[in-house]
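Thanks for asking me to look this one over.

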Amino acid sequence: MEESTRSRTVITSHSSPHSDNFSTSTLAYDKHFIRTVPGFLIIAEIIFGLLVWTLIGGTEYFRVSAFGWVMFVAVFYWVLTVFFLIIYLTMAYTRIPQVPWTTVGLCFNSSAAVLYLTAAAVDAASISRAVKGQHDFNSWAASTFFAFLVALCYLGNAYFSFKSWRSQEEGQ
């Protein structure tokens, strides 16, 4: 058997992190999002939600079992809201078009509004167990106020999410 000699040409390419292709993989920053009403509401949700769980967390809330529910709702939705803020600010949602973001936003804000309303009501009902004038009483009363404010913010964002979802559904 006779082996033929072949010449092979191998073409390789190397891209550096400073090439033009790198810029297509970076996330954008939407500096105008915070200036919108939903952006303002998200910032308010983060600030007021942080106040809710820190005001309760700084007390002996474990003595009243109902505050466990309030803490769960406050911390859970605070973390998710920070996550959504990052997604909106970096416009990461444009990189994942498979996710129905308007539906996700509607479900998230609606569930947050309902659960925060229940948590605020539980918070309000539970402060009667504290003796008026104690540090815990004042913190729990303040957390109740902020829990209702956060619930209103989520209701507002649920409204804007519904409008966005409705306009997208009508456009299809």
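1. The UniProt record, an unreviewed entry, places the feature "transmembrane region" at residues 37-56, 68-89, 101-120 and 140-160. UniProt positions are in the numbering used here, feature names are shortened, and annotations may be inferred rather than shown by experiment. Over residues 37-56 the chain is 100% helix and 0% strand, with end C-alpha atoms 28 Å apart. Residues 140-160 are likewise 100% helix and 0% strand, and there the end C-alpha atoms lie 30 Å apart. Helices here are DSSP runs (H or I, at least four residues), numbered from the N terminus.

2. A word on the basis: this is a predicted model, in which local features need pLDDT of at least 70 and side-chain atom pairs count only at pLDDT 80 or more, while totals for chains, interfaces and linings use all residues. Residues are numbered from 1 along each chain as its sequence is written, and side-chain values use heavy atoms, with hydrogens and water left out.

3. Which residues of the largest nonpolar core touch the most other members? They are Val52, Ile56, Phe67, Tyr77, Tyr116 and Tyr154, out of 32 residues in that core. Helices 1, 2, 3 and 4 each supply at least two residues, and the largest share, 11 residues, comes from helix 2. (Such a core is a set of buried Ala, Val, Leu, Ile, Met, Phe, Trp, Tyr and Cys residues joined through side-chain atoms within 4.5 Å; buried means under 20% relative accessible area, exposed over 50%, partly exposed in between, with a 1.4 Å probe and protein chains only.)

4. Do look at Val52. Not counting residues up to four places away in sequence, Val52 touches Val70, Ala74, Tyr116, Ser143, Phe146, Ala147 and Val150. Contact means heavy atoms within 4.5 Å.

5. Leu115 sits in helix 3 and is partly exposed, with a relative accessible area of 27%. Leaving aside neighbours within four places in sequence, Leu115 is in contact with Trp69, Val73 and Tyr77. The C-alpha atoms of Leu115 and Ala151, 36 residues apart along the chain, are separated by 8.2 Å.

6. Met91 lies in the loop between helix 2 and helix 3, and its phi is near 55 degrees, a positive value in a residue other than glycine. Most residues other than glycine have a negative phi. Met91 is partly exposed, with a relative accessible area of 25%.
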